[in-house]
Amino acid sequence: MGWTGCGNGELLRLAVDHGFGVIVTVDQGFEYQQNVHDLPIPVVIMIAGRSRLQELRPLVANVIAVVSSHLELRIYRVVS
């Protein structure tokens, strides 16, 4: 999509402009870099020891459960 190198604020705007309903990230600093009261869409942060696929994979079922629910404009944390 050509979004490499975009900052979090710009990513949020691009996601909304392209019809995304939620952002899923492993960036644990995200909530400290954004004003959570101004989020245009919900954000899910996957929190594992490392952001390697084998450590994130066990979180996928919980991420699916979160994004399948009624989401408010806030940050959700899915922890291993």
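**Entry 1: the sheet**

I began with strands β1 and β2 (residues 43-47), which run parallel and are joined by three bridges. For my own bookkeeping, two strands pair if DSSP finds at least two bridges between them, and strands (E, at least two residues) and helices (H or I, at least four) are DSSP runs numbered from the N terminus. A reminder to myself: this is a predicted model, where local features need pLDDT of at least 70 and side-chain atom pairs count only at pLDDT 80 or more, while totals for chains, interfaces and linings use all residues. Residues are numbered from 1 along each chain as its sequence is written, and side-chain values use heavy atoms, with hydrogens and water left out.

Next I followed β2 to its other neighbour and found five bridges to β3, again running parallel. Together the three strands make an open sheet in the order β1-β2-β3, with parallel pairing. The edges are β1 (23-25) and β3 (75-79), each of which pairs on one side only. Neighbouring strands in this sheet are turned by 20 degrees against each other on average, direction ignored; axes here are lines fitted to C-alpha atoms, for helices over the stretch in contact, and angles run from 0 to 180 degrees between N-to-C directions.

Is β2 buried or exposed? Five of its five residues are buried, so β2 is largely enclosed by the rest of the structure. I use buried for under 20% relative accessible area, exposed for over 50%, and partly exposed in between (1.4 Å probe, protein chains only). Val43, Ile45 and Ile47 point one way from the strand, and Val44 and Met46 point the other way.

I then traced a few bridges by residue. Valine 44 has valine 24 as a partner and tyrosine 76 in β3 as another. Isoleucine 45 is the β2 partner of threonine 25.

**Entry 2: threonine 25**

Threonine 25 sits in strand β1 and counts as buried at 16% relative accessibility. Its side chain reaches the backbone nitrogen of aspartate 27 at 3.0 Å.

**Entry 3: valine 24 and a nonpolar patch**

Valine 24, also in β1, is partly exposed, with a relative accessible area of 40%. I found it in a nonpolar surface patch of about 290 Å², together with Val60, Ile64 and Val67. Helix α4 (residues 60-67) gives the largest share of that patch, three residues. Patches take residues with over 30% relative accessible area and no salt bridge, joining like charges within 9 Å and nonpolar side chains (Val, Leu, Ile, Met, Phe, Trp, Tyr) within 5 Å. The areas come from the Shrake-Rupley method with a 1.4 Å probe, and for residues only the protein chains shown count as cover.

**Entry 4: the salt bridge**

How many salt bridges does the structure hold? I count one, where a salt bridge is a side-chain nitrogen of Lys or Arg within 4 Å of a carboxyl oxygen of Asp or Glu. The side chains of glutamate 31 and arginine 77 meet there at 2.3 Å, N to O. Glutamate 31 is in helix α2 (residues 30-33) and arginine 77 in strand β3, so the pair ties together parts that are 46 residues apart in sequence. Glutamate 31 is buried at 17% relative accessible area, whereas arginine 77 is partly exposed at 45%.

**Entry 5: glycine 19**

Last, I looked at the loop between α1 (8-17) and β1, where glycine 19 lies. Glycine 19 counts as exposed at 62% relative accessibility. Its C-alpha atom is separated by 24 Å from that of glycine 29, ten residues apart along the chain.

Conventions:
Polar contact = N/O pair within 3.5 Å; in protein donor to acceptor, adjacent residues only side chain to side chain.
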